[in-house]
Amino acid sequence: MENKRKHLEFIQGVITRMAGNLFFLRGWAISLIAGVLALSTKDINSGYILIAYFLVFIFWILDGYFLSQERLFRDLYNDVRKLNEDEVDFSMDIRKYKEYCRNSWIRCMFSLTLFWFYVPILVSIIIFNNLI
């Protein structure tokens with residue numbers, strides 16, 4: 001069982017890094033967008049609002065990518081968990097899980113988790129833009 005446990009630890013390490021990336025991306029998204037909006041009120045320049053929209057979409061795309069990667073490795077973890085000890089080969093190949101629709105990058109972008117994080121930010125920018 002030692003090989004299986006070690007392989008699962010490797011995969012869990014990748015999943016943990018992906019989840020950490022998601023967390024840090026959201027923090028950076030909020031910080032940068034708030035900074036850009038603060039600059040837009042100081043200079044009253046509509047170009048800053050466009051930068052804020054651009055940042056939202058860039059971070060949303062990156063978040064979708066990392067969530068997709070996390071889901072791929074979760075599927076790998078689930079399969080390795082079911083293997084017998086003699087079948088463990090320490091493979092980190094996730095290609096076969098890309099065919100699952102739920103793991104696609106676009107599908108992950110519009111998952112409930114990301115949708116309910118980024119849509120309110122977009123709505124806030126729209127409201128902010130109309131108040132200036």
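How many salt bridges does the structure hold? I looked this up before anything else. The structure holds seven salt bridges. I noted the cut-off: a side-chain nitrogen of Lys or Arg within 4 Å of a carboxyl oxygen of Asp or Glu.

**Ground rules**

I am working with a predicted model, where local features need pLDDT of at least 70, side-chain atom pairs count only at pLDDT 80 or more, and totals for chains, interfaces and linings use all residues. Residues are numbered from 1 along each chain as its sequence is written, and side-chain values use heavy atoms, with hydrogens and water left out.

**Entry: salt bridges**

I took Lys6 and Glu9 to begin with. Their side chains meet in a salt bridge, at 3.5 Å from N to O. Lys6 and Glu9 are three residues apart in helix H1, and so about one helical turn separates them. I wrote down what a helix is here: a DSSP run of H or I with at least four residues, numbered from the N terminus. Lys6 is partly exposed, with a relative accessible area of 37%. Glu9 is also partly exposed, at 42%. The cut-offs are these: buried is under 20% relative accessible area, exposed is over 50%, and partly exposed is in between, with a 1.4 Å probe and protein chains only.

Next I looked at Asp63 and Arg26. Their side chains meet in a salt bridge at 3.2 Å, N to O. Asp63 lies in helix H2 and Arg26 in helix H1, so this pair ties together parts that are 37 residues apart in sequence. Is Asp63 buried or exposed? Asp63 is buried, at 0% relative accessibility. Arg26 is partly exposed, with a relative accessible area of 21%.

Then I checked Asp93 and Arg95. The side chains of this pair meet in a salt bridge at 2.9 Å, N to O. Asp93 is partly exposed at 36% relative accessibility. Arg95 counts as exposed, at 62%.

**Entry: H4 and its partners**

I asked how H2 and helix H4 (residues 112–131) pack. Their angle is about 180°, and their axes are 11 Å apart. The axes are lines fitted to C-alpha atoms, for helices over the stretch in contact, and angles run from 0 to 180 degrees between N-to-C directions. H2 and H4 are therefore roughly antiparallel to each other. The cut-offs are under 35 degrees for roughly parallel, over 145 for roughly antiparallel, 65 to 115 for roughly perpendicular, and oblique for the rest.

I listed who meets whom. Residues of H2 including Val56, Phe57, Trp60 and Asp63 meet residues of H4, among them Tyr118, Ile121, Leu122 and Ile125.

I turned to helix H1 (residues 2–43). The axes of H1 and H4 come within 12 Å and cross at roughly 5°. That makes H1 roughly parallel to H4. Residues of H1 including Arg26, Ile30 and Ile33 meet residues of H4, among them Phe117, Tyr118 and Ile121.

Which residues does Ile121 contact? Leaving aside its neighbours within four places in sequence, Ile121 is in contact with Ile30, Ile33 and Val56. Contact means heavy atoms within 4.5 Å. Ile121 is found in helix H4 and counts as buried, at 11% relative accessibility.

Gly27 is partly exposed, at 36% relative accessibility. The C-alpha atoms of Gly27 and Lys82 are 36 Å apart, and the two are 55 residues apart along the chain.

**Entry: the nonpolar patch**

I found a nonpolar patch on the surface. Phe54, Ile58, Ile61, Leu62, Tyr65, Trp105, Ile106 and Phe110 form this patch, with about 740 Å² of accessible area together. A patch is made of residues with over 30% relative accessible area and no salt bridge; like charges are joined within 9 Å, and nonpolar side chains (Val, Leu, Ile, Met, Phe, Trp, Tyr) within 5 Å. Accessible areas come from the Shrake-Rupley method with a 1.4 Å probe; for residues, only the protein chains shown count as cover.

Helix H2 (46–82) and helix H3 (105–109) each supply at least two residues of the patch. The largest share, five residues, comes from H2. Trp105 is found in H3 and is partly exposed, at 37% relative accessibility.

**Entry: Phe90**

Where is Phe90? Phe90 sits in the loop between H2 and H3. Its phi is near 60°, a positive value in a residue other than glycine. Most residues other than glycine have a negative phi. Phe90 is partly exposed, with a relative accessible area of 33%.
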